[in-house]
Amino acid sequence: MSRRRQRRHRAASHAPAPAHAAAPPRYTVIDGLKGLGLCLMIAYHFLFDLTWFRVIHIDFNHDPFWLGYRGAVVALFLGLVGVNLVLARRAKPALRAFWRRIALIAACAALVSVASYLTFPQTFITFGILHCIAVSSVLARPLIAFPRIALLAGIGIIAAGNAVELPLFDTPWLNWVGMMTHKPPTEDYVPLLPWLGVVLVGIAVGHWLLARERKAIVMVGRVTPRWLAWLGRHSLLVYLVHQPVMVGILRVLL
């Protein structure tokens, strides 16, 4: 090999990796918000478990405070789904990575349904938060690049989901859509309407955040506790294991 070719070979071996090979950026503040949502959810489930074991009594199905508490936690998670769709699009990942993530969430949703059937056969989870995240992510993906349309569609879906009630959607095969006249007998129910609308609003929020000075987002992330960000980065795993762990501990103690 000539000296000129050797120099070219050495230069190529030290060349920086192409931009598309870089890992997508993470915002600690977003992970921290996920972690906060998990903490609120774990507290809710812990009190639910104590009620299930008859240690305390809370009416989760009718008490306005707990209905609002649950709604706020679900809205936080699904809003962040929309924000993360925007951040993922900016990182330009392969389409295969998106579908791999959806397949993982769908598989975990199926696992939750099976586990809840073994525990609550009469009220097992047919369309909970993981089911809603998987389907909403697919339906919202075409609007990731259109924040204004996503915002208007999101507001419309939220309004329709809360205002329209049709007996047609009370049937077991359609109540996952929403707009039912009464909540179906299930331990976790997160229908597409109105919650798809929250994901779409989250897309608009994601664009709004990226349009602002990103240094501010990074600065807020620096004061986010590391343990909270860790929870957010591993939110799916924590979601799957926290309830069996708590129930197991309570069975031993009580």
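Reader: Is Cys108 buried or exposed?

Author: Happy to start there. Buried means under 20% relative accessible area, exposed means over 50%, and partly exposed is in between, with a 1.4 Å probe and protein chains only. Cys108 counts as buried because its relative accessibility is 9%. Cys132 is buried too, at 0% relative accessibility. Before we go on, this is a predicted model, where local features need pLDDT of at least 70 and side-chain atom pairs count only at pLDDT 80 or more, while totals for chains, interfaces and linings use all residues. Residues are numbered from 1 along each chain as its sequence is written, and side-chain values use heavy atoms, leaving out hydrogens and water.

Reader: How many disulfides does a search of the whole structure find?

Author: A disulfide is a covalent bond between the sulfur atoms of two cysteines. The rule here asks for a pair of cysteine sulfur atoms within 2.5 Å. Searching the whole structure gives 0 disulfides.

Reader: What does the secondary structure of the protein chain come to?

Author: Helices (H or I, at least four residues) and strands (E, at least two) are DSSP runs, numbered from the N terminus. The protein chain has 10 helices and 0 strands. Of its 254 residues, 39% count as buried.

Reader: How far does helix 7 reach from its first C-alpha to its last?

Author: The expected span is 1.5 Å times one less than the number of residues. Helix 7 (residues 192-211) has 20 residues and reaches 28 Å, close to the 28 Å expected. It is mostly covered, with 14 of its 20 residues buried.

Reader: Which residues touch the most other members of the largest nonpolar core?

Author: In soluble globular proteins, nonpolar side chains tend to be buried together. A nonpolar core is a set of buried Ala, Val, Leu, Ile, Met, Phe, Trp, Tyr and Cys residues joined through side-chain atoms within 4.5 Å. The largest one here has 54 residues, and Leu78, Ile129, Leu130 and Ile203 touch the most other members. Among the helices that each supply at least two residues of this core are helix 2 (28-52), helix 5 (129-140) and helix 7. Helix 3 gives the largest share, 12 residues.

Reader: Which residue forms a salt bridge with Arg70?

Author: A salt bridge is a side-chain nitrogen of Lys or Arg within 4 Å of a carboxyl oxygen of Asp or Glu. By this rule the count is 1. Arg70 pairs with Asp188, and their closest N and O atoms are 2.9 Å apart. The pair links distant parts of the chain, 118 residues apart: Arg70 is in helix 3, and Asp188 is in the loop between helix 6 and helix 7. Arg70 counts as partly exposed because its relative accessibility is 22%, whereas Asp188 is buried, at 13%.

Reader: Which residues make the nonpolar surface patch?

Author: Patches are made of residues with over 30% relative accessible area and no salt bridge: like charges are joined within 9 Å, nonpolar side chains (Val, Leu, Ile, Met, Phe, Trp, Tyr) within 5 Å. Accessible areas come from the Shrake-Rupley method with a 1.4 Å probe, and for residues only the protein chains shown count as cover. This patch, of about 850 Å², is made by Val55, Ile56, Leu237, Val241, Val245, Ile249, Val252, Leu253 and Leu254. Leu237 sits in helix 10 (residues 235-253) and counts as exposed because its relative accessibility is 51%.
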